[in-house]
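Hi,

Here is the structure I promised to pass on. Have a look at it first, and then read my notes below.

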Amino acid sequence: MSASAIFFYILSICILGGGLLAVTSKKIFRSAIWLLFSLIGIAGLYFWMQMEFIAAVQIIVYVGGIVVLIIFSIFLTQQSGKQMAKPSAGRIVFSLLAVCIGFALTYSLLRPYVFPTSSMAPVDMSVRNIGNQMLSTTEHGYVVPLEVVSVLLLAAMIGCIVIAMKIKTRTNE
Amino acid sequence: MITMLMSVELILNSVNINFVSFNKYLYPDKLDGVFFAIFIITIAAAEAAVAIAIIINLYRSHHSIDVKDAEEMRF
């Protein structure tokens, strides 16, 4: 087994174990920390695939943004040491059933499918190339989704401010 | 409710891994999977921000963020 495969298995164990513990942990703060480990593992997997830009975006947005936001809201809204309520037995059974059926469906779809190996020359994954294609208006350009996503981010930002605003300002109008 | 948010983040991350690895190993001459992954990350960030604003507002009005306590609009 080569060093690359060993790295892959270590990262997979980190991601899967972190995700599993994040959804099964009894304390919500521990759950957030396991989610953090899982996200860092995913960023490591992107580094392993030599997608440095995606890995950097993953670390900045998820580890630096979303997990910090989640921990912040945990501290704001409830005691971090409090135990969460145990889910009912029927819910556990049905979620395990859903996992098994989903895995079986995916496996049965993937099993007969032969993945074609591409013979094209790999494209340069540099940030310059990604940026050029993202802002190009030619056939494979992504300028319209970029603009739509930027409008969506603006709408989400204004929506957050409006939702989290105090009601007192509304009555003063 | 925060647990639901974390689970959604995990699901979106698994989709991202699929997009990036399919792009890397099946279509290395294109960059489309990378763009899909970037847009998914952006939308996940927007979704997390809106969800946390809703959670904080719910906590302010109900003093609890359990899903079972917010059932005024259930039926």
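Predicted model: local features only at pLDDT ≥ 70, side-chain atom pairs only at ≥ 80, totals over all residues.

Residues are numbered from 1 along each chain as its sequence is written, while chains are lettered from A and ligands numbered from 1 in the order in which they are written.

Chain A has seven helices and zero strands (DSSP runs, numbered from the N terminus: H or I of at least four residues for helices, E of at least two for strands). Its radius of gyration, taken over C-alpha atoms, is 22 Å, well over the 16 Å from the globule rule (2.2 Å times the number of residues to the power 0.38), so chain A is more spread out than a compact globule. The C-alpha trace spans about 65 × 45 × 30 Å along its principal axes.

Now for the partner: 46 residues of chain A are in contact with 39 residues of chain B, meaning that their C-beta atoms, placed from the backbone, lie within 7 Å. On chain A's side, α1, α2, α3, α5 and α6 each supply at least two residues, and α3(A) gives the most, with 12.

Cheers

Notes:
Contact = placed C-beta atoms within 7 Å.
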